[in-house]
Number of protein chains: 2
Amino acid sequence: MGMGRPREFDAEMALDQAMEVFWRHGYEGATIAQLTEAMGINPPSLYACFGNKEGLLKAALDRYSKLRGVWMEEVVAAATARDVAERMLMGIADKQTDPANPPGCLLVQGGIACGTGSENVPFELAARRAQNEDQLRDRFIRAKAEGDLKPSSDPAALARYVLAVSVGMGVMASSGADREALRQVASVAVQAVEAQSADRT
Amino acid sequence: MGMGRPREFDAEMALDQAMEVFWRHGYEGATIAQLTEAMGINPPSLYACFGNKEGLLKAALDRYSKLRGVWMEEVVAAATARDVAERMLMGIADKQTDPANPPGCLLVQGGIACGTGSENVPFELAARRAQNEDQLRDRFIRAKAEGDLKPSSDPAALARYVLAVSVGMGVMASSGADREALRQVASVAVQAVEAQSADRT
DNA sequence: CCAGATATGTAGTGTTCACTACAGATGTGG
DNA sequence: CCACATCTGTAGTGAACACTACATATCTGG
């Protein structure tokens, strides 16, 4: 039994192009025509490879989350909770204004609210964001155990806070905020984490 | 010359219903069929009164911003910059989880990313958010002049920061965060403003 | 009571959407 | 070289979309 005609396009490169379209226009705003043109393929190839539009989004999110997860490992490798927050938020400021990508964050731009038939898209994005929150929370739990964060601090609340600021910065970036403006936000935000840190005597 | 047949529905009540649909599904996710059903009218009445879908959104945003502006006046009436931030963020936590409305904030849920033909919807929302940022900034400028905020503080950055947190909380609310979770975020966030406040001796 | 003006309900309009049938192309195993 | 399997391009499919033509209804001014 033969193995059939081989695929003529690179699935990962095509995903990168699809990611950019979703990033810029959101899930509902992105059309199959735009996606296929950006990916350099025709609709049947897209459907054979990814199932349907939502399957393509999930594949793009997987790829995005994977790259992001690697970066988050670098972030939580910082020495203190304060440095984790700073590295995270300053990095977010830079990434979300990187001209190589659309402004903002795919996990936000992808679709915060969706119409009938796409209700689970926002959930899908939220689940990916929650992964990052979990990474931060675990790191802050450790920081508290190490005495880096005050005994009165709440690692889960801190992680949720840092993520909330990240998301807010993403929305601002997508509506035109420049890198310097986002860095200022990050700089202020870090001070809340500092306030939860044990005094360095 | 006669004045014609009078309108049979209340435009403001209809707007409230339309607002809720946009809030829940976003601009692109909301269909004319859903909007007219919620408003209790037929398409010709909608188009005669609001022009088109985007006109309806703008009218809903006007109404939303007006109510919000009144509330913001209460917020900036707080005694100190820290209290302004606390009143704002705690109020946001409550409002965005008020079961009387869809979760989150219309100025975010309305549409962060849109497809071809609706590119200015995100700008429209951003402009409304900017109004709130301006109100906060003016208040923080005053706080700095009064010596409430440190001379080294940056009122514009602080205002942008508080708005970023608000937006981030809105996204979290729309993806299921409960009131207590948002209040914790607000509580942490306020500490950054506290850190910019002059020592109360 | 009539003429002009505006609102309403019914029933569509053309367009765009996500998705696919089908035929031909290109590979593998025997 | 042939049977089989998978991919690719062309050209559509029905459904859903924003929006509207039109006849009718309800008002005001004279």
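Author: Start with the contact between the chains. This is a predicted model. Chain A and chain B bury about 3100 Å² between them. Carbon and sulfur atoms carry 65% of that area.

Reader: Which residues of chain A lose the most area to chain B?

Author: A:Ile112, A:Arg160 and A:Val188 do. Together they make up 17% of what that side buries.

Reader: How many residues does each chain bring to the contact?

Author: Chain A brings 39 residues, and chain B brings 39 residues.

Reader: Let me try a single residue. Where is A:Gly168 placed?

Author: A:Gly168 sits in helix 8 of chain A, which covers residues 155-174.

Reader: Is A:Gly168 buried or exposed, and why?

Author: Look at relative accessibility. Buried means under 20%. A:Gly168 has 0% relative accessibility, so A:Gly168 counts as buried.

Reader: What does A:Gly168 touch, leaving out residues up to four places away in sequence?

Author: The list is B:Ala164, B:Val167 and B:Gly168. Now compare sequence and space. A:Gly168 and A:Gly104 are 64 residues apart in sequence. Their C-alpha atoms are 9.5 Å apart in space.

Reader: Next, the nonpolar cores. Which residues touch the most other members in the largest one?

Author: The largest nonpolar core has 70 residues. A:Met88, A:Tyr161, B:Met88 and B:Tyr161 touch the most other members.

Reader: What does A:Met88 touch?

Author: Again, leave out residues up to four places away in sequence. A:Met88 then touches A:Arg68, A:Trp71, A:Met72, A:Val75, A:Leu136, A:Val162, A:Leu163 and A:Ser166.

Reader: Which helices supply at least two residues each of the lining of the largest cavity?

Author: Helix 1 and helix 6 of chain A do, together with helix 1 and helix 6 of chain B. By kind, the lining of the largest cavity divides into ten nonpolar, twelve polar and two charged residues.

Reader: What is the volume of the second largest cavity, and which helix gives the most to its lining?

Author: The volume is about 70 Å³. Helix 8 of chain A gives the most to the lining, with four residues. Helix 6 and helix 7 of chain A each supply at least two. The lining includes A:Arg68, A:Leu163 and A:Ser166. You met these three as contacts of A:Met88. The lining of the second largest cavity divides into six nonpolar, four polar and two charged residues.

Reader: Last, the pockets. How much space lies in the largest pocket?

Author: A pocket is an open space. The largest pocket holds about 430 Å³. It is lined by 17 residues, and the closest to its centre are A:Trp23, A:Tyr64, A:Leu67, A:Lys95 and A:Asn101.

Reader: Which helix provides the largest share of that lining?

Author: Helix 1 of chain A does, with five residues. Helix 4 and helix 5 of chain A each supply at least two. The lining of the largest pocket divides into eight nonpolar, four polar and five charged residues.

Methods. Residues numbered from 1 in each chain as written. Chains lettered and ligands numbered in written order. Predicted model: local features only at pLDDT ≥ 70, side-chain atom pairs only at ≥ 80, totals over all residues. Heavy atoms only, no water. 1 Å grid on protein atoms, 1.4 Å probe; cavity = no way out; pocket = protein on both sides within 12 Å on 5 of 7 lines; lining within 4 Å. Points joined across faces, edges and corners; volume = space filled by probe spheres on them. Nonpolar A, V, L, I, M, F, W, Y, C, P; charged D, E, K, R; others polar. Core = buried A, V, L, I, M, F, W, Y, C linked by side-chain atoms within 4.5 Å. Buried < 20%, exposed > 50% of the residue type's maximum accessible area, 1.4 Å probe, protein only. Contact = heavy atoms within 4.5 Å. Buried area = accessible area lost by both parts, 1.4 Å probe.
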